[in-house]
Amino acid sequence: MEKNNEEAAVLVAQTGPLNGQRWPIKSSAIVGREATCEIVVPDRQVSRHHARVSLTDQGYQLEDLGSKNGTHYNGQPLETPVLLRDGDIIQIALAQQFIFLSSDATVPLDADEIDFQAFLPVQKQASQPRTRLLLEKRSRRVWIGEQEVVPPLSVSQFRLLEILYEHQGRVVARQDLIADVWGKRQAVEVSEQALDALVRRLRDRLASVDPTHAFIVTVRGHGLRLDNPLVD
């Protein structure tokens, strides 16, 4: 099975030695250290034939090929093959991260080519000011100013920031955040302390890029809001 190159899914390398490179996946691609692999990651943590992305009747599938240091899928160890969805994050050992996009036509640009005003509906027009922090849902990337937050946020950190980002300037109740981040079924088992710990980690990650501004604001007795000021 093979797709037209214009319609092929694509893997985009994020953090790691291949950062910024991309590969259309027509039918199948093996990721590994061996030179014969379609995607070669030059790192000793990576097995010779580490993982494979292949096109099946159901869609694109990711499988680990018995690697020594493992493959992670959206932050979770990959134990059995999974079908990939647009925006999924693939981690090869601790060496290389990829994002899976369903079409090459929408691959995110390199950081120095980013049109920052294109990310938010209110910022699509040149006359509209942009905010200090920008979040791109499709690629799950975050920028403060023109500096990207790297390594990427964890799945739960990104989801928390995404919720606050969607409600910019408004307070989101703590229980609503817990339900959206962990899911309604698990929310009853998640403690307030777990949310506090997640908020601390997210604050630390944002402060590593911009220590001069507190983006996540606690409104006591109500919840959290994102303080995301406009920039010139």
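This is a predicted model: local features need pLDDT of at least 70, side-chain atom pairs count only at pLDDT 80 or more; totals for chains, interfaces and linings use all residues.
Let's start with helix α1, residues 155–166. Several residues of α1 are buried: Gln157, Phe158, Leu160, Leu161, Glu162, Ile163, Leu164 and Tyr165.

The partner of interest is helix α4, residues 192–207. The two axes come within 10 Å and cross at roughly 85°. Because angles of 65 to 115 degrees count as roughly perpendicular, α1 is roughly perpendicular to α4. On the α1 side, Ser156, Gln157, Leu160 and Leu161 make the contact, while α4 brings Leu198, Val199, Arg201, Leu202, Arg205 and Leu206. Sorted by class, this contact has six nonpolar, two polar and two charged residues. Of the α1 residues in the contact, Gln157, Leu160 and Leu161 are among those that are buried.

Now for the strands. Three of them form an open sheet in the order β16-β18-β17, with antiparallel pairing. β16 and β17 each have a single partner strand, so one side of each is left without a neighbour in the sheet.

| Strand | Residues |
|---|---|
| β16 | 172–173 |
| β17 | 216–219 |
| β18 | 223–226 |

Helix α4 comes back into the picture here: α4 lies across β17 and β18, and runs at about 145° to β17.

Conventions:
Residues are numbered from 1 along each chain as its sequence is written. Side-chain values use heavy atoms; hydrogens and water are left out. Axes are lines fitted to C-alpha atoms, for helices over the stretch in contact, and angles run from 0 to 180 degrees between N-to-C directions. Helices (H or I, at least four residues) and strands (E, at least two) are DSSP runs, numbered from the N terminus. Angles under 35 degrees count as roughly parallel, over 145 as roughly antiparallel, 65 to 115 as roughly perpendicular and the rest as oblique. Contact means heavy atoms within 4.5 Å. Ala, Val, Leu, Ile, Met, Phe, Trp, Tyr, Cys and Pro count as nonpolar, Asp, Glu, Lys and Arg as charged, and the others, Gly among them, as polar. Two strands pair if DSSP finds at least two bridges between them. Buried means under 20% relative accessible area, exposed over 50%, partly exposed in between (1.4 Å probe, protein chains only).
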